[in-house]
Amino acid sequence: MLPQNTLLRAVKPKAGDIAVDVSGKADGRGAYVCRCSECVNRARKMRRLEKTFKCKVSDEIYDILGRLCDGGTCG
């Protein structure tokens with residue numbers, strides 16, 4: 001487990017589309033992904049956000065998460 005402030009967050013508000021929450025304070029159901037590109041790629045491949053939010057997540061969300069990766073390694 002990692003501290004939340006070291007993770008990337010996607011959020012699904014009650015009304016609206018899924019978005020990347022850079023501030024970490026947006027209202028709605030949140031899902032966290034490690035900041036390494038390996039974890040983001042694994043989440044995309046296994047469709048983890050779709051399973052969490054129970055709806056289709058566009059590839060654009062995964063692309064944004066990938067661009068926000070800090071290039072570090074997991075853990």
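1. Lys54 is exposed, because its relative accessible area is 74%, where exposed means over 50%, buried means under 20% and partly exposed lies in between (1.4 Å probe, protein chains only). Lys54 sits in the loop between α2 and α3 (59–67), the helices (H or I, at least four residues) and strands (E, at least two) being DSSP runs numbered from the N terminus. Phi of Lys54 is near 55 degrees, a positive value in a residue other than glycine.

2. On the basis of these notes: this is a predicted model, in which local features need pLDDT of at least 70 and side-chain atom pairs count only at pLDDT 80 or more, whereas totals for chains, interfaces and linings use all residues. Residues are numbered from 1 along each chain as its sequence is written, and side-chain values use heavy atoms, with hydrogens and water left out.

3. Arg47 belongs to the loop between α1 (37–45) and α2, and it counts as partly exposed because its relative accessibility is 26%.

4. The side chain of Arg47 makes a polar contact with the side chain of Glu50 at 3.2 Å; a polar contact is a pair of N or O atoms within 3.5 Å, and within protein one must be able to donate a hydrogen and the other to accept it, while residues adjacent in sequence count only if both atoms are side-chain atoms. Glu50 is placed in helix α2 (residues 48–53) and is buried, because its relative accessible area is 13%. Leaving aside neighbours within four places in sequence, Glu50 is in contact with Cys55, Lys56, Val57 and Tyr62, where contact means heavy atoms within 4.5 Å.

5. Asp21 itself lies in the loop between β2 (19–20) and β3 (29–34), and it is classed as buried because its relative accessible area is 8%. Not counting residues up to four places away in sequence, Asp21 touches Arg9, Ala10, Val11 and Ala26.

6. For the chain as a whole, the protein has 3 helices and 3 strands, which follow the pattern β-β-β-α-α-α along the sequence. A compact globule of 75 residues would have a radius of gyration near 11 Å, and the 11 Å of this protein agrees with that; the radius is taken over C-alpha atoms, and the globule rule is 2.2 Å times the number of residues to the power 0.38. The C-alpha trace spans about 35 × 25 × 20 Å along its principal axes.

7. Of the 75 residues, 29% count as buried. Among contacts with a separation of 6 or more, residues 24 or more positions apart account for 46%.
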